[in-house]
Amino acid sequence: MNKGGIFLSEECDVVVLGTGVAGLTAALAAAHSGSSVRIYEKSSLIGGTSAMSGGIIWMPNNHLQEFAGVDDSREKALAYLESLSLGQIDSDMASTFVDKGPEMLQWIEKVTPCSFHIIDNYPDYHPEHPGGLPQGGRSLDNGLFALPELGEWATKIRNHERGNPVMLTETPLGGATVTPDRTVLGERSDKGQIGMGLALVAGLLSGLLDMGIEPQTQSQASQLINTSEGVTGVTVMQGGKPIDVKARKGVIIATGGFEWNSELVRTFLRGPMTAPAGSPENTGDGLQMAMEVGAKLGNMRNAWWVPVVRIPGEELFGHPSVRLILLERTRPHSIMVNKYGKRFTNEAGNYNAMGGAFHAFDPHKFEYPNEPCWLIFDHRHKLDYEVAGCRAGEQTPEWMFSDNSIEGLALQIGVEGATLRETLTRFNRHAAEGSDPDFHRGESAYDTFNGDQSIEGIQATLQPLDTAPFYAVRIESGSLGTNGGPKTDVSGRVLSLAGGVIPGLYAAGNAMAAPTGMVYGGAGGTLGPAMTFGYIAGMTAASQ
Ligand SMILES: Cc1cc2nc3c(=O)[nH]c(=O)nc-3n(C[C@H](O)[C@H](O)[C@H](O)COP(=O)(O)OP(=O)(O)OC[C@H]3O[C@@H](n4cnc5c(N)ncnc54)[C@H](O)[C@@H]3O)c2cc1C
């Protein structure tokens with residue numbers, strides 16, 4: 001009964017909460033298994049962080065590898081994940097991801113307009129670990145999608161107005177050194193074609209609309225309906241009114257992480273995370289609903305970490321926005337230093353692993369010395385490469401510190417000048433010799449892939465900072481999304497604190513305890529598992 005005294009209710013087989021890739025894939029899987037499906041989205045826009053993403057999917061042992069001559073196997077993939085697990089990965093969950101993921105992708109290609117291709121040579125994020133692939137083959141890009149095909153739904157996708165007519169493979173992030181020419185880009189723009197995460201979400205949504213299922217936006221799930229038989233539905237707020245939605249077979253939580261909920265971030269994450277990068281509606285609603293019905297939790301201290309820059313006053317979707325710091329760290333003539341002016345890690349390492357360096361704790365000083373930190377680069381870097389959206393050679397923006405001397409720069413950013421000079425002198429000496437004995441930058445295939453692709457060898461990432469002026473940009477510990485939440489079994493069913501599963505409750509994507517623990521296996525390491533467990537949860541719920 002709502003406040004006006006009118007009882008509102010809806011009924012279907014499977015209810016899905018959230019329209020990121022996890023929710024859309026879950027809804028598709030349940031619908032194709034013959035279930036009636038309703039999918040609710042808190043925001044006025046479809047797609048969550050997924051629609052803001054690069055759209056890369058990490059999928060070991062995938063169906064495209066044979067044609068591309070990639071030597072991969074189930075065993076290699078599992079050995080790789082195990083080598084990085086640090087006791088955090090449930091091996092049954094990891095095997096399920098590796099076994100079911102390729103099947104899911106082939107199925108998605110059948111039931112939606114999505115099609116995937118391997119990003120050539122994109123190494124795994126820890127390629128030298130057992131089972132890692134230094135030559136790539138597991139990171140997949142998706143094709144372009146013509147947004148006008150979605151009709152009125154095109155403008156309901158998050159980020160649709162920022163779509164680019166390029167696939168990730170055609171950008172420097174995908175290893176490209178030349179982008180498509182202007183004629184090609186013009187033709188694509190005329191057709192409304194876009195790539196990356198936006199195209200992935202659009203393709204999945206298209207498949208769903210073809211099944212006659214329309215997501216309901218501005219519909220925030222607020223509470224699970226919990227009975228002695230388990231979860232039998234969910235209360236959804238629409239236009240300020242609660243609607244009870246009965247789910248005959250199950251409710252799938254795919255509401256993303258809790259990165260925008262500062263209280264949950266403080267409570268659970270293992271170290272500082274001051275700058276969420278994704279969709280601001282991801283406030284841990286699914287987590288809290290699951291906690292209320294006694295779900296067992298897992299992976300709560302982890303997130304998909306990423307170094308970011310915050311530009312004062314810059315906003316996206318009405319919230320402070322961030323710019324990811326990816327290639328800036330790995331290209332030549334740049335380093336990162338902590339508040340003491342010292343390097344503290346291999347700057348070219350993958351962004352997720354960088355979280356570990358940010359969270360190193362000094363017990364004596366009782367502080368995190370590496371967060372925030374500074375990206376330091378010289379004029380050659382500034383002339384040749386884009387830095388946090390400031391294009392190569394562009395005028396120095398206000399948020400970028402610069403000075404003709406290292407000491408002058410140090411003074412501006414509050415770092416001890418002599419130490420910063422010492423750091424640069426040591427780095428430069430070794431860089432000139434082509435080595436980094438302190439942090440091994442450039443030794444991994446990953447480091448050089450993300451360096452300057454036009455330069456061969458270790459110099460693609462390792463070159464001295466010796467040309468004034470020098471520059472500094474403040475870096476914070478950010479996140480693409482948290483990845484802890486209700487623990488599930490291999491069928492996507494949420495486990496209960498009391499033992500067994502909570503009947504009728506499923507979870508997928510960043511809302512669930514990540515099946516890969518704290519491991520970001522390679523580019524696409526979040527979307528691959530999210531879609532796989534969306535698929536599994538949708539199938540399982542539909543089979544009840
Ligand atoms: C810039 C950027 C680039 C990235 N690139 C990649 C990449 O290339 N590859 C990769 O693997 N990962 C990438 N990531 C990370 C990736 O985007 C996320 O990990 C992934 O999208 C999470 O998917 P999801 O479906 O779990 O959640 P989301 O896509 O965030 O979807 C969750 C949805 O649930 C909705 N919701 C929340 N609460 C409720 C509620 N109470 N009721 C109903 N709906 C609710 C939200 O509004 C949202 O739409 C990137 C992230 C960023 C920020």
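## A threonine and its surroundings

T19 sits in the loop between β1 (9–17) and α1. Helices here are DSSP runs of H or I with at least four residues, strands are runs of E with at least two, and both are numbered from the N terminus. The model is predicted: local features need pLDDT of at least 70, side-chain atom pairs count only at pLDDT 80 or more, and totals for chains, interfaces and linings use all residues. Residues are numbered from 1 along each chain as its sequence is written, and side-chain values use heavy atoms, with hydrogens and water left out.

T19 is buried, at a relative accessible area of 0%. The cut-offs are under 20% for buried, over 50% for exposed and partly exposed in between, with a 1.4 Å probe and protein chains only.

The T19 side chain has two polar partners to list. A polar contact is a pair of N or O atoms within 3.5 Å; within protein, one must be able to donate a hydrogen and the other to accept it, and residues adjacent in sequence count only if both atoms are side-chain atoms.

| Partner of the T19 side chain | Distance |
|---|---|
| Side chain of E41 | 2.7 Å |

Setting aside neighbours within four places in sequence, T19 touches L24, I39, E41, L45, I46, G47, G48 and P215. Contact means heavy atoms within 4.5 Å.

## Strands

β1 runs parallel to β10 (residues 241–253), joined by eight bridges. E10 has V245 in β10 as its bridge partner. β1 is also parallel to β2 (residues 37–40), here through four bridges. L17 is bridged to Y40 in β2. Two strands pair if DSSP finds at least two bridges between them.

A separate topic is an open sheet of three strands, ordered β3-β5-β4 with antiparallel pairing. Its edge strands are β3 (57–58) and β4 (116–118), each pairing on one side only. Two bridges link β3 to β5 (residues 139–142). I57 faces L140 in β5.

## Helix packing

Which helices does α4 pack against? One is α1 (residues 21–32): the angle is about 75° and the axes lie 12 Å apart. Axes are lines fitted to C-alpha atoms, for helices over the stretch in contact, and angles run from 0 to 180 degrees between N-to-C directions. α1 and α4 are therefore roughly perpendicular. That label covers 65 to 115 degrees; under 35 is roughly parallel, over 145 roughly antiparallel and the rest oblique. T25, L28, A29 and H32 of α1 meet M104, W107, I108 and V111 of α4. These residues divide into six nonpolar, two polar and no charged.

The other is α15 (residues 527–542), packed on α4 (residues 91–111) at about 85° with axes 8 Å apart. α4 and α15 are therefore also roughly perpendicular. On the α4 side, the contact residues include M93, F97, M104, W107 and I108; on the α15 side, P529, M531, F533, Y535 and I536 are among them. The contact of α4 with α15 holds eleven nonpolar, four polar and two charged residues.

## Helix α12

α12 (residues 406–413) buries I406, G408, L409, A410 and I413. These buried residues pack against β18 (373–378), β19 (401–403), α13 (417–433) and β20 (470–482). G414 follows α12, with a positive phi near 75°.

Conventions. Ala, Val, Leu, Ile, Met, Phe, Trp, Tyr, Cys and Pro count as nonpolar, Asp, Glu, Lys and Arg as charged, and the others, Gly among them, as polar.
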